[in-house]
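Morning, everyone. Have the sequence and the structure open, please. I'll keep this brief.

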Amino acid sequence: MNIKKPRMRKNYDYWKDDYQSKLRTGEELAAMVKSGDKVMMSGGINIPHEMNLALAKRATELQGVTLYMGLALKFYDYMKPEFKPNIHIETPFVGPMERLCLEWGTADYIPLHLNKIAEWMDYEKPNMVCFGCTPPDEYGYMNRSCFGGLVPTRAIAQADIVTCECNPNTPWLMGDDMKVHVSDVDFISESNESLFEIPDIPITDVEQKIASYVAEMVSNGDTIQLGLGGLANAIGYFLRDKRDLGIHTEVIQKSFADLMKRGVCTGIRKNFYPGKACATFCVGDKELWDYVDHNDKFFFTEVEYNNDPYIISQNNNLISVNNALCMDLNGQVGAESIRHQQYSGTGGQMNFMQGVALAYGGKSILTLNSTWKDKEGRLRSTILPFMPPGTIVTSPRTEVQYVVTEYGCVNLRFRDVKERIAAMISIAHPDFREGLRREADKYWK
């Protein structure tokens, strides 16, 4: 792999001179993008706002530009279908903006495990990397913040042009991986744009029941991982009566901060980075950002390290909890698409399922609501004899251990097919159990 030499430090007396010499407007940074460029654009709240506003204004001047980004939280005009020949998005994780872009043909989904982002960028070789960050500290280091762990250092090192947008509203996440020095970027812009906040979703009665089952499976002193989303966040709030929990997770959400503030998650019994909440990115609102800002109870690293199954497996008694959208009677997991339509992404589900399987005392838990409602308001089962046509299998049945719905918890590991079918039917909604049995009898005698 051809990695460029580190950028040479300019011979200034102070880094502040270097910073000032690199200052550009968002319009000037956008003007650096040329037709055919490959641009890694960070994700979430760290997508450079001013640059992207300006890039949208000059979209028609460009042809065949590829942007690599994920979980975009703001809409930019270049995402519209009329700009399809000009700017195209490739994403490993789909949020509300990317769903629109996929529908319009201005984006494509790249299936990959989240810990493979660096390898993906090694393959694509973006010539430009752009990300949001904090203003510099007294030593000239900026912090790549909430989504910095998803921007590989290798991509920064290999790019021809590296730009960043400093925003004082951005929290500083603890961990050397999140730091980038003024001398390591080529151009800098500034913004005071408010960051997009994702508030907690109200917890439903069904989610409360699921969360209560999961909480029963967590013991004092365990280390926990919770996936991204409302149900996973709700589960965190149901762990308030536990003691000395540890954290090794992919994403920090508000429930983790709540548990740490209450003294529930201390990490003192962790055997791997004791006392530290290990993670790679952060999703929430200002209350959460204020809590994580310069908080040395956290240890953020790039996702290639944090989500490496071997690294995950170093945590004894790790409880991994991830979400599913649907499952079949054999235990196959659909967690990212609604039939053929991409809804989210593979993320780190398999990273943690495999890591937990190697960990001493590990448990892998999948949660799902037993039903959903269609457009006519009719109740439908999320547990089905077979995956609906087009549905993407996120995790194979061979990796599944515990499955929890609001009707109970079952363990599928080392069960034969008939035992799996019976177990899955037992946690389906009662209205659908008899129909599932009839379907199962047709195919499995």
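This is a predicted model: local features need pLDDT of at least 70, side-chain atom pairs count only at pLDDT 80 or more; totals for chains, interfaces and linings use all residues.

Rings to begin with. A pair of aromatic rings is described by the distance of the centres and the angle of the planes. How many aromatic pairs does the structure hold? Twelve.

Take Tyr273 and Phe299. Their ring centres are 4.8 Å apart, with 35° between the planes, and the pair is tilted. The cut-offs matter here: under 30 degrees would be stacked, over 60 edge-to-face, so a pair in between is tilted.

Where do the two residues sit? Tyr273 is in the loop between helix H9 (254–261) and strand S13 (277–279), and Phe299 is in strand S15 (residues 298–300), so this pair ties together parts 26 residues apart in sequence.

Buried or exposed? Tyr273 has 30% relative accessibility, so it counts as partly exposed. Phe299, at 23%, also counts as partly exposed.

Next pair: Tyr291 and Phe298. Here the centres are 5.9 Å apart and the planes stand at 85°, so this one is edge-to-face. Both Tyr291 and Phe298 are buried.

Now charges over rings. Two cases. Arg99 lies over the face of Tyr343, 3.9 Å from the ring centre. Lys179 lies over the face of Tyr141, and there the distance to the ring centre is 5.5 Å.

On to helices. Two packed helices are described by the angle between their axes and the distance between the axes. Look at H14 (residues 417–426) and H15 (residues 430–443). They pack at about 165°, and their axes are 9 Å apart. That angle makes H14 roughly antiparallel to H15, because the cut-off for that label is over 145 degrees. The crossing of H14 past H15 is right-handed.

Which residues make the contact? From H14, Ile421, Ile425 and Ser426. From H15, Arg433, Leu436, Arg437 and Ala440.

Last stop: Thr163. You'll find Thr163 in strand S7, residues 161–166. Its relative accessibility is 1%, so Thr163 counts as buried. What does Thr163 touch, leaving out residues up to four places away in sequence? Leu29 and Met51, then Met128, Val129, Cys130 and Phe131, and also Phe187.

That's my tour. Questions, please.

Key
Residues are numbered from 1 along each chain as its sequence is written. Side-chain values use heavy atoms; hydrogens and water are left out. Rings of Phe, Tyr and Trp (its six-membered ring) pair if their centres lie within 6.5 Å; planes under 30 degrees apart count as stacked, over 60 as edge-to-face and the rest as tilted. Helices (H or I, at least four residues) and strands (E, at least two) are DSSP runs, numbered from the N terminus. Buried means under 20% relative accessible area, exposed over 50%, partly exposed in between (1.4 Å probe, protein chains only). A charge sits over a ring if NZ of Lys or CZ of Arg is within 6 Å of the ring centre and within 35 degrees of the ring normal. Axes are lines fitted to C-alpha atoms, for helices over the stretch in contact, and angles run from 0 to 180 degrees between N-to-C directions. Angles under 35 degrees count as roughly parallel, over 145 as roughly antiparallel, 65 to 115 as roughly perpendicular and the rest as oblique. A crossing is left-handed if the near helix is turned anticlockwise from the far one by less than a right angle, and right-handed if clockwise. Contact means heavy atoms within 4.5 Å.
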